[in-house]
Amino acid sequence: GSDAAILNDALGRELSLLGVYTRGNRLLPARQRALGDRLRANQQEYVDAITKAIRGLGGDTEAEPEEIDLGPVKDAAGLFALATGLEETTVEFYVDEATHLYTAAPRTLDAWLAAGHGEHLGMLPPGGG
């Protein structure tokens, strides 16, 4: 696939995570809201960067977020456990896709996004709580 197609896949993932952090913030106690706010802000930054990159390649943003059901998630521990799984698969996605990108700018973006999600994994509480 083209770089724009791969970035659209990435954008869908980022939009999904943005939705989780946005909707899940209500489950966080006050002492963990700063972490939730930071994760959400990072996600917005990733969405914006990918959107800009796709447009820079002359592509259209066609990504749709996966609707992730937060119904079973009742508290911060559940939210963080869900987020950890999503962050892990997102890092794997970027590592796997790195070799499929044809141009330098998307490859650099891919590496930055993989590192950012690795940082998220370091920020999330172990075991979800």
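Among contacts in the protein between residues at least 6 apart in sequence, 83% join residues at least 24 apart. The model examined here is a predicted one. Its secondary structure amounts to 4 helices and 0 strands, and the order of these elements along the sequence reads α-α-α-α.

The overall dimensions were considered next. The C-alpha trace extends over about 40 × 25 × 20 Å along its principal axes. Of the 129 residues, 46% count as buried.

The packing of two helices was then described. Two packed helices are characterised by the angle between their axes and by the distance between those axes. Helix α2, formed by residues 30–56, packs with helix α4, formed by residues 104–123, at an angle of about 170°, and the two axes lie 11 Å apart. Because angles over 145 degrees count as roughly antiparallel, α2 is roughly antiparallel to α4. On the side of α2, the contact is made by Leu-35, Arg-38, Leu-39, Asn-42, Gln-43, Glu-45, Tyr-46, Ala-49, Ile-50 and Ala-53. On the side of α4, Leu-109, Trp-112, Leu-113, Gly-116, His-117, Glu-119, His-120 and Met-123 take part. Sorted by class, the residues of this contact comprise 10 nonpolar, 5 polar and 3 charged ones.

Two individual residues were also examined. Ala-111 is located in helix α4. With a relative accessible area of 46%, Ala-111 is partly exposed, since buried residues have under 20% and exposed residues over 50%. Ala-111 and Val-95 are 16 residues apart in sequence, and their C-alpha atoms are 7.8 Å apart in space.

Glu-92 belongs to helix α3, which covers residues 76–97. The relative accessibility of Glu-92 is 48%, so this residue likewise counts as partly exposed. Between the C-alpha atoms of Glu-92 and Ala-114 the separation is 8.0 Å, although these residues stand 22 residues apart along the chain.

Terms used
Residues numbered from 1 in each chain as written. Predicted model: local features only at pLDDT ≥ 70, side-chain atom pairs only at ≥ 80, totals over all residues. Heavy atoms only, no water. Axes fitted to C-alpha atoms, helices over the stretch in contact; angles between N-to-C directions. Helix = DSSP H or I, 4+ residues; strand = E, 2+ residues; numbered from the N terminus. Parallel < 35°, antiparallel > 145°, perpendicular 65-115°, else oblique. Contact = heavy atoms within 4.5 Å. Nonpolar A, V, L, I, M, F, W, Y, C, P; charged D, E, K, R; others polar. Buried < 20%, exposed > 50% of the residue type's maximum accessible area, 1.4 Å probe, protein only.
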